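The stops below proceed from a helix to its packing partner and then to a sheet.

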Amino acid sequence: MGHFTSEEWADFVRGIQSADRTIAIQQHLERKCERCRKDLATWSFVADLGSKEASYEPPADVVRYVKTCHVVGKPPGKRRGWMNVARLVFDTIRQPQPAGIRSSGLSPRQLLFKSGNLLVDLRVESQAKSNHFSVAGQVLDWAKPGQAVEQVPIVLSNKKNMVMQTASNQFGEFQLEFEMAENLLLTVGKDDPIVVPLGILDRNANPGEDVSSDRHF
């Protein structure tokens, strides 16, 4: 008897193979066919992985960030085109904290976003049961650690309008205070800007709901 197809192995490990074919495969395995034993191990692993995936639920803040990325629109005044969405590389909310700190109230949240050589470091403060946020940020160039990224335009906007704007100082630093709203974006730079979705900060967002049905890039 020859070897078995991928479809046959997939049905076999899921227990949906026909009775006569199941017996044939089992008898073939008893002859200690090394290739088929390896195929069985591989497909058993795939089936086990698939069964566990259904119960996996990503963290709510990660869901919010990914969904916000899908509704990124062009910044006000910019031409339509693909936007450079920064990647979240660090978030203190994902780090374990001592019980005493957790029980003392909301502590400042540190987030680090990266796109190319540019890093956008945000320190976010907010009050419990409040949508008011205070952000102290810094624009850094990891390829030029001794050189400040100064006078970089910083624009806070939603999908349609600019909310406020500022620029980084001689140390690459900037500050913003705002009320959280749907689809807030932080645009850093002018000619080739990077976009930081701020929906990840919204504590009231429901990760099970779509933030928008539109996808504009």
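Select helix H1, residues 6-13: Glu8, Trp9, Ala10 and Phe12 are its buried residues, where buried means under 20% relative accessible area with a 1.4 Å probe and protein chains only. Helices (H or I, at least four residues) and strands (E, at least two) are DSSP runs numbered from the N terminus. The model is predicted, so local features need pLDDT of at least 70 and side-chain atom pairs count only at pLDDT 80 or more, whereas totals for chains, interfaces and linings use all residues. Residues are numbered from 1 along each chain as its sequence is written, and side-chain values use heavy atoms, with hydrogens and water left out.

Just after H1, select Gly15, which takes a positive phi of about 75 degrees.

H1 and H2 pack at about 100 degrees with their axes 11 Å apart; axes are lines fitted to C-alpha atoms, for helices over the stretch in contact, and angles run from 0 to 180 degrees between N-to-C directions. The two helices are therefore roughly perpendicular (65 to 115 degrees). Display Glu8, Trp9 and Phe12 of H1, which meet Arg21, Thr22, Ile25, Gln26 and Leu29 of H2; contact means heavy atoms within 4.5 Å.

Now select the open sheet of 5 strands, ordered S2-S3-S4-S5-S8 with antiparallel pairing (at least two DSSP bridges between two strands). S2 (87-91) and S8 (173-179) are at the edges with a single partner strand each, so one side of each has no neighbour in the sheet. The twist averages 25 degrees from one strand to the next.

Finally, select S5, residues 132-141, which pairs with S8 in the antiparallel sense over 7 bridges. Here Phe133 stands opposite Phe178 in S8.

Methods
Buried means under 20% relative accessible area, exposed over 50%, partly exposed in between (1.4 Å probe, protein chains only). Angles under 35 degrees count as roughly parallel, over 145 as roughly antiparallel, 65 to 115 as roughly perpendicular and the rest as oblique.
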